[in-house]
Amino acid sequence: MAVQITWHGHATWLIEHDGHRVLIDPFFNENPAAIVKAKEVRADTILVTHGHFDHIADAASIAQQSEATVVANFEIATWLSNEHGVKSTVGMNLGGWTTLPFGRVQMTIAFHSSQLPDGAYGGNPGGYLIEIGGKRLYVAGDTALFSDMQLYGRTELDAAILPIGDLFTMGPVDSLHAIYWLRPRVVFPSHYNTWPPIAQDVESWADAVRQQGVAEPRVPEVGVAIELE
Ligand code: NI
Ligand code: MN
């Protein structure tokens, strides 16, 4: 079975393979771009990149209704378990790998911040390298451009999910530098058009990526699964 990727608006993505449902940064109920509510969503693993509400808002409720395992940095994993009663968590930190039922993930660095919605310390922000169904995906999370991306690109990436919204993360121009370093086969834009401050012309971005000629840009529609070839 092929690996499928579905965008749920903003920075929320679902990766599916062989019955596994891996949800990244669940943000549904207050996400203006989402077309489903959190109570309709099931996952068996939830990956959280950092503590901001637009990445963690629905993590606890979906984890509880699905009995999912939440993977996050140690501080966020502890907070979800102590403050929100999430039963199964994997707390990790930057640079570490962990093996999960669907494959493996490494928590990668991100240049951003990570305070939790109640003001608690959310540790360092991160991203993930994900191995699933024979594919390698890189989810940058919220981050500025950083030059270690060229190291992540040394092992072949089938896909990268990069923020392009600017203001809080890298914008379209820096994403081209990131693509040059990461050299993924396919690149998906994320973290844009949710609210006016991060509005972007995604078709211009896709044209610029095509012109650059390193990766194939894929602009998903919200809720429509894309098969990773
Ligand atoms: Ni953030
Ligand atoms: Mn964000």
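## His 112 and Asp 142

His 112 counts as partly exposed because its relative accessibility is 26%, the class between buried (under 20% relative accessible area) and exposed (over 50%), with a 1.4 Å probe and protein chains only. Asp 142, at 3% relative accessibility, counts as buried.

This is a predicted model, in which local features need pLDDT of at least 70 and side-chain atom pairs count only at pLDDT 80 or more, while totals for chains, interfaces and linings use all residues. Residues are numbered from 1 along each chain as its sequence is written, and side-chain values use heavy atoms, with hydrogens and water left out.

## The metal site

Donors are N, O and S atoms within 2.8 Å of the metal (3.2 Å for Na, K and Ca); water is not among the atoms, so sites may look incomplete.

Asp 142 coordinates both the nickel ion (ligand 1) and the manganese ion (ligand 2), which lie 3.0 Å apart. Distant parts of the chain are linked by the pair His 112, in the loop between strand 8 (103–109) and strand 9 (126–132), and Asp 142, in the loop between strand 10 (135–139) and helix 4 (149–152), 30 residues apart. Helices (H or I, at least four residues) and strands (E, at least two) are DSSP runs, numbered from the N terminus.

Note on methods. Chains lettered and ligands numbered in written order.
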